[in-house]
Structure formats: C-alpha cells, structure tokens
Amino acid sequence: MDTRIVRRRFWIEAFCALVGAALFVLTLFSREWIELAFGVDPDGGSGALEIGIAIALLAGAALSAALARHEWRLAEAR
C-alpha cells in the first residue's frame with residue numbers, strides 16, 4: 001500500500017495540468033470557444049488566437065505535470 005503524503009502544492013499542480021490539457025483538447029475540437037465563452041471575436045474568426053492559447057495551455061500543462069511529478073517523488077523520498 002502506498003502511503004505517500006503529498007503537499008497541497010502537488011494537488012494544485014496536478015489540477016492545473018488537467019485543466020490545461022482539457023482546454024487544449026477542447027481547442028482541438030472547437031476553435032471558437034473564446035467567442036462562445038466571452039462573446040468577443042478578437043481574431044476575426046480565424047481561430048489563430050485559440051491555437052496560440054492552446055499551445056500555451058499545453059506548455060503550461062506539461063510544466064505543471066512535471067512539477068507535480070517532482071512533488072510526488074519528493075513525497076516518496078520522505
């Protein structure tokens with residue numbers, strides 16, 4: 001049985017990774033989610049802004065996942 005005790009930081013990083021990855025996938029399916037969510041069209045309907053945001057979200061998700069993994073390994077060492 002795994003009895004690791006992780007800090008709150010792990011859960012925040014894991015949550016950020018999950019949200020970032022989910023929004024990335026959402027953007028792959030619908031490039032108009034900013035227009036739908038906020039009622040504005042900053043890129044004229046081209047979807048370029050959403051692609052840029054998706055790439056940033058994917059990078060943020062990867063970073064958050066790496067940080068969460070680090071926290072998990074620190075808990076293993078304790």
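Colleague: Why is R7 called partly exposed?

Modeller: R7 has a relative accessibility of 38%. Buried means under 20% relative accessible area, exposed over 50%, and partly exposed in between, with a 1.4 Å probe and protein chains only. The 38% of R7 falls in between, so R7 counts as partly exposed. Bear in mind that this is a predicted model, where local features need pLDDT of at least 70, side-chain atom pairs count only at pLDDT 80 or more, and totals for chains, interfaces and linings use all residues. Residues are numbered from 1 along each chain as its sequence is written, and side-chain values use heavy atoms, with hydrogens and water left out.

Colleague: Which parts of the chain does the pair of E71 and R7 tie together?

Modeller: E71 belongs to helix α3 (residues 48–77), while R7 sits in the segment before α1 (8–29), so the pair links parts that are 64 residues apart in sequence. Helices here are DSSP runs of H or I with at least four residues, numbered from the N terminus.

Colleague: Is E71 buried or exposed?

Modeller: Buried: its relative accessible area is 2%, and that is under 20%.

Colleague: How many salt bridges does the structure hold?

Modeller: There are 3. R9 pairs with E13, with the closest N and O atoms 2.8 Å apart, and both residues lie in helix α1, 4 residues apart, about one turn of the helix. R9 also pairs with E71 at 3.7 Å, which is still within 4 Å. Here R9 is in α1 and E71 in α3, so this pair joins parts 62 residues apart in sequence. Through shared partners, R7, R9, E13 and E71 form one network.

Colleague: Which residues are in contact with E13, leaving aside its neighbours within four places in sequence?

Modeller: They are S64, L67, A68 and E71; contact means heavy atoms within 4.5 Å.

Colleague: How do you know where the buried residues of α1 fall around the helix?

Modeller: The buried residues of α1 are F10, E13, A17, G20, F24 and T27. Seen down the axis, they fall within an arc of 130 degrees, so they line one face of the helix; the arc is that of the directions from the helix axis to the C-beta atoms. What covers these residues includes α2 and α3. The face turned away from the buried side carries the exposed residues R8, W11, F15, L18 and F29.

Colleague: What should the 30 residues of α3 span?

Modeller: The expected span is 1.5 Å times one less than the number of residues. For α3 that gives 44 Å, and its end C-alpha atoms are 44 Å apart, so the two agree. The buried residues of α3 pack against α1 and α2 (33–38).

Definitions and conventions
Salt bridge = Lys/Arg side-chain N within 4 Å of Asp/Glu carboxyl O. Helix = DSSP H or I, 4+ residues; strand = E, 2+ residues; numbered from the N terminus.
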